[in-house]
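Colleague: I am new to this structure and would like to go through it slowly, one question at a time. Could you take me through it?

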Amino acid sequence: MKLDPALKQQLKNQLERELKEARRVVKLTLAYTPSEEEVKAIMARFPQFAGGRVVVEKDESIISGFIVSCGSKVIDLSIKSQLNTIR
Amino acid sequence: MENIGVDMRLLVAQLVNFVLFVVLFKMLAAKPFMKVLADEKRKDEERKKLATIIEDQKHAAEEAKVKMQEEMKAKLDESLALAREQAEHTKKELLAQAKRESEELVRKANAQIEEEKRALEQSYREKVVKASTVTVEGVLKDYLTEDMQKKVTERILTNLN
């Protein structure tokens with residue numbers, strides 16, 4: 001099936017925008033609800049995610065510690081992952 | 001002589017008769033008669049010789065028969081000894097092979113037991129670890145307050161340096 005080149009370009013642009021947007025969203029998962037200072041202190045340690053929009057998520061299943069993810073990059077410093085490593 | 005019943009004339013006649021008989025016999029019948037006797041004697045000797053030969057042959061045949069029987073017996077004994085030896089050899093080989101096979105089976109069984117033992121130990125270890133981590137997870141979830149979690153986060157950040 002041959003696509004209209006203009007439509008194809010539009011779809012490509014849209015995909016690039018969404019990907020860029022996804023790259024810009026940084027997800028921070030903790031077992032409790034942190035304060036703004038705590039979030040800033042954590043994100044300060046990860047300059048590679050600077051500039052992104054931070055979304056904080058509470059997940060008690062990680063027990064303690066935190067997980068920072070942005071797109072396909074995930075930095076897992078939770079206690080749960082440490083216990084899984086021991087397993 | 002007449003007193004004892006002997007007639008002299010008869011006696012003389014008998015004597016003359018006898019002499020005449022002897023002379024006539026000697027002249028006419030003695031030779032063929034003697035020839036017949038000699039033939040009979042010769043035949044008799046030949047028969048005796050033949051009997052001796054037959055007897056000798058009989059003895060020889062008997063001896064040959066005995067010798068052949070002894071030879072056959074010796075060959076039979078030899079064959080039996082050889083067969084016995086081969087059977088013994090085959091028996092030893094079969095025993096050795098059975099022993100090797102049984103040792104191989106034992107070795108394989110032992111190896112299998114060891115392998116299963118290792119697998120069981122590994123499985124047990126994994127279960128213990130899993131149970132322990134699940135227990136620790138449960139305990140930590142119940143034990144860690146928010147303040148403790150904040151302190152853990154601070155500690156992680158400090159260690160990141």
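What follows is a set of questions and answers on this predicted model.

Colleague: In what order do the elements of chain A run from the N terminus on?

Modeller: Since this is a predicted model, the elements are those assigned on its coordinates, and chain A has 3 helices and 4 strands. Of the 87 residues of chain A, 30% count as buried, and residues 24 or more positions apart account for 62% of the contacts with a separation of 6 or more. Read from the N terminus on, the elements run α-β-α-β-β-β-α.

Colleague: How much area is buried between chain A and chain B, and what share of that area do carbon and sulfur atoms give?

Modeller: The size of an interface is often given as the accessible area lost when the parts come together. Here 22 residues of chain A are in contact with 18 residues of chain B. The area buried between the two chains is about 1700 Å², and the share from carbon and sulfur atoms is 68%.

Colleague: Which residues of chain A lose the most area to chain B?

Modeller: On the side of chain A that touches chain B, the residues divide by class into 12 nonpolar, 5 polar and 5 charged. Three residues together account for 36% of what that side buries, and the residues that lose the most area are A:Y32, A:I63 and A:R87.

Colleague: Which element gives the most residues to the side of chain A that touches chain B?

Modeller: Between chain A and chain B there are 3 residue pairs in polar contact, counting pairs with both residues at pLDDT 80 or more. The elements of chain A that give two or more residues to this side are α2, β3 (65–70) and α3 (79–86). The one that gives the most, with 5 residues, is α3(A).

Colleague: A:E38 is buried, so which side chain of opposite charge is nearest to A:E38, and how far away does that side chain lie?

Modeller: A:E38 sits in helix α2 (residues 36–44) of chain A, and, leaving aside residues up to four places away in sequence, A:E38 touches A:Y32 and B:K150. Although A:E38 is buried, A:E38 has no salt bridge, and the count of salt bridges between chain A and chain B is 0. The nearest side chain of opposite charge, 4.0 Å away, is that of B:K150.

Colleague: Is B:K150 buried or partly exposed?

Modeller: A residue is buried under 20% relative accessible area and exposed over 50%. Because the relative accessibility of B:K150 is 23%, B:K150 counts as partly exposed.

Colleague: How far apart are the closest N and O atoms of B:E115 and B:R118?

Modeller: Side chains of opposite charge can pair when their charged atoms come close. B:E115 and B:R118 both lie in helix α1 of chain B, 3 residues apart, which is about one turn of the helix. B:E115 is partly exposed at 44% relative accessible area, and B:R118 is partly exposed at 46%. The two form a salt bridge, and their closest N and O atoms are apart by 2.9 Å.

Colleague: What is the N to O distance in the salt bridge of B:K73 and B:D77?

Modeller: Because B:K73 and B:D77 are 4 residues apart in helix α1 of chain B, about one helical turn separates them. B:K73 is exposed, with a relative accessible area of 53%, whereas B:D77 counts as partly exposed at 38%. Their side chains meet in a salt bridge with an N to O distance of 3.6 Å.

Note on methods. Residues are numbered from 1 along each chain as its sequence is written. Chains are lettered from A and ligands numbered from 1 in the order in which they are written. This is a predicted model: local features need pLDDT of at least 70, side-chain atom pairs count only at pLDDT 80 or more; totals for chains, interfaces and linings use all residues. Side-chain values use heavy atoms; hydrogens and water are left out. Buried means under 20% relative accessible area, exposed over 50%, partly exposed in between (1.4 Å probe, protein chains only). Lys and Arg count as positive and Asp and Glu as negative; His and the chain ends are not counted. Contact means heavy atoms within 4.5 Å. Buried area is the accessible area (1.4 Å probe) that two parts lose on being put together, summed over both. A polar contact is a pair of N or O atoms within 3.5 Å; within protein, one must be able to donate a hydrogen and the other to accept it, and residues adjacent in sequence count only if both atoms are side-chain atoms. Ala, Val, Leu, Ile, Met, Phe, Trp, Tyr, Cys and Pro count as nonpolar, Asp, Glu, Lys and Arg as charged, and the others, Gly among them, as polar.
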